[in-house]
Amino acid sequence: MDLLKIMENRRSVRNYTGETIPNEKIDRILKAGLLSASGRSKKPWEFIVVKNKDILLKLSKCRVGSAKMLEGADCAIVVIANADLTDVWVEDCSIAMANMHLMADSLGIGSCWIQGRLRESENGESTESYLRDILRFPENYRLEAILSLGMTNNHSAPHNSDELPFEKIHRESF
């Protein structure tokens, strides 16, 4: 499939069938993350794959009103980074998240980006602190986001390229 077609098709999916995602597809999504560009090739990101339903239920409370889809997800990929490696870890993790999000959709898997950095959990602590307690990642590792994954019957229609806001493109100057 053409990359622009994959991008047009990518939608955030929050409802899942409960069907198991084949491990080969999860591995392909993770490879897409590992192939991501990073500043000076530092690759500061690490991915925590969660399939345990009890842990997914706990993760669903990591964000006020925004992570409930994890209750029905088959898998989550938590993206963290060693902040000591580079000052552009946020950008590097965002590239990895975007690549995995696109790969999931291209494989017919619903996914949703759940922002974690600078967010708050249902119990009032930071999302990062809440997840660190559950997933036990070191203090020098910082949270970027979670990618929820699940099979879906409810994929929205692709974006229409003719409706893109081309007025946001400026050439030579604003």
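Is R142 buried, exposed or partly exposed? Hold that thought for a second, because what we're looking at is a predicted model, where local features need pLDDT of at least 70, side-chain atom pairs count only at pLDDT 80 or more, and totals for chains, interfaces and linings use all residues. Residues are numbered from 1 along each chain as its sequence is written, and side-chain values use heavy atoms, with hydrogens and water left out.

Okay, back to R142: partly exposed, at 31% relative accessible area. Buried here means under 20%, exposed over 50%, and partly exposed in between, with a 1.4 Å probe and protein chains only.

Now, the salt bridges. By that I mean a side-chain nitrogen of Lys or Arg within 4 Å of a carboxyl oxygen of Asp or Glu. The whole structure has seven. One of them pairs R142 with E128, closest N and O atoms 3.0 Å apart. R142 sits in strand β4 (residues 141-151) and E128 in helix α5, so this pair ties together parts 14 residues apart in sequence. Helices (H or I, at least four residues) and strands (E, at least two) are DSSP runs, numbered from the N terminus.

E128 also meets R132, at 3.3 Å from N to O. Those two are four residues apart in helix α5 (residues 127-135), about one helical turn. E128 is buried at 12%, and R132 is buried too, at 11%.

Then R132 bridges to E139, with closest N and O atoms 3.8 Å apart. E139 is exposed, at 63%. Through shared partners, E128, R132, E139 and R142 join into one network.
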